Amino acid sequence: MKWEGIIKKYRDFLPVTDKTPIVSLQEGNTPLILSNFLSKEIGLDVYLKYDGANPTGSFKDRGMTMAISKAKENNTTAVMCASTGNTSASAAAYSARCGLKCIVLIPEGNIALGKLAQAMIHNAQVIAIKGNFDQALTLVKEITSSYPIELVNSLNPFRIEGQKSAAFEICDFLSDAPVFHAIPVGNAGNITAYWKGYKEYKAAGKTTCLPKMLGFQAAKSAPIVDKHIIENPETLATAIRIGNPASWKTAEEARDESGGIIDKVTDEEILQAYKMLAQKEGVFAEPASAASVAGILKLHKTNFFKNQKGNIVCTLTGHGLKDPNLAIENVQKPSVIEPDLKTVLKEIGIK
Ligand SMILES: *Cc1c(COP(=O)(O)O)cnc(C)c1O
């Protein structure tokens, strides 16, 4: 079957009509990769939902195809978002595709290089504020509620609607819902979207069960776990460097209704999982994505999965190439040698 994006595939579950102009880059249909290493380690089948394989390199495209299509349907001329990077990259690309003006507010100095490059090459108006993501979002909310500019952050309900599609794809692939679903939590839109998706698919008779939702925040950016707003969130996983999640309440509902948990992982645990994915599975995901894997490894150490059977799905939210600097900082630099055969052979261990 030819793939034409998530709206065409799942339109029965989405608030679109014949009048909605579909703006798509054929997002979705991303790989669900069985992780041999993690399955052996944990004793359940662990799958990686590699959403870095979306057109702009993150899951944000699933929500953006909906948000931008609806903005076009409403004859909007401009959209705006606050972003740790991936939302702006996606908003910029989908806006370029349909001729919308796109304005993005980013926290200065705390956005990965690849994401900034994307927003700029797609010709968004990029404005860096001397503040953090939470401050950027407050400003964007104020502006979009007073002027005819559409908000395309995950507070936009169409974003959540589109992002549900990842849960549908997983259920279609596995022929049922998994037992556990692990996911990084930043602004908490995605955990909200997955849970909504799993519930709707079950209600439609497409699955027989619901997963327990396992959300993971970065240790120094963990407002939901710590039960209070974090004024100055810190983590090298910039995509989840958020101290006051917009979808806080619905994330707690996903946790509680599913019988799951929201926990936190340290930057060190995130880095370990990040390297493990790249070096033991051949999967290059950005550091924030690795929080889901770091999380299940942490739970495994406390015997959380003991006597459990079935599938765990970990969402890998974005592509590793988004943040090339971090990758290079965390590996050995290439050795520099003379360009002759003997020296190269010696270097690779052939005498
Ligand atoms: C946006 C994003 C997150 C966080 O998702 P929320 O919906 O804000 O919780 C995690 N990882 C990556 C790569 C992202 O781009």
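Guide: Asparagine 307 counts as exposed, at 75% relative accessibility (exposed is over 50% relative accessible area, buried under 20%, partly exposed in between, with a 1.4 Å probe and protein chains only). This is a predicted model, so local features need pLDDT of at least 70 and side-chain atom pairs 80 or more, while totals for chains, interfaces and linings use all residues. Residues are numbered from 1 along each chain as its sequence is written, and side-chain values use heavy atoms, leaving out hydrogens and water.

Asparagine 307 sits in the loop between α13 (287-301) and β10 (311-316) (helices are DSSP runs of H or I, at least four residues, and strands are runs of E, at least two, numbered from the N terminus). Its phi is positive, about 65 degrees, though it isn't a glycine. Most residues other than glycine have a negative phi. Serine 175, likewise not a glycine, also has a positive phi of about 65 degrees; this serine is in the loop between α8 and β7 (180-184) and is exposed at 59%.

Now inwards, to serine 69. It lies in helix α3 (residues 60-73) and is buried, with a relative accessible area of 0%. Beyond its neighbours within four places in sequence, serine 69 is in contact with Ile7, Thr20, Pro21, Ile22, Val23 and Met64 (contact means heavy atoms within 4.5 Å). A polar atom of its side chain lies 2.8 Å from the backbone nitrogen of valine 23.

The chain is split into domain 1 (6-58 + 159-329) and domain 2 (60-156), with bounds from an automatic or database domain assignment. Between the two, about 3400 Å² is buried, 52% of it from carbon and sulfur atoms (buried area is the accessible area, 1.4 Å probe, that two parts lose on being put together, summed over both). Val23, Arg159 and Lys322 supply 26% of the area that domain 1 buries against domain 2, more than any other three residues.

The rule finds three salt bridges across this interface (a side-chain nitrogen of Lys or Arg within 4 Å of a carboxyl oxygen of Asp or Glu). Arginine 62 pairs up with aspartate 51 in a salt bridge, their closest N and O atoms 2.7 Å apart. On the domain 1 side, the elements giving two or more residues are α1 (6-9), α7 (157-163), α8 (165-174) and α14 (324-329). Of these, α7 gives the most, with five residues.

Note on methods:
Polar contact = N/O pair within 3.5 Å; in protein donor to acceptor, adjacent residues only side chain to side chain.
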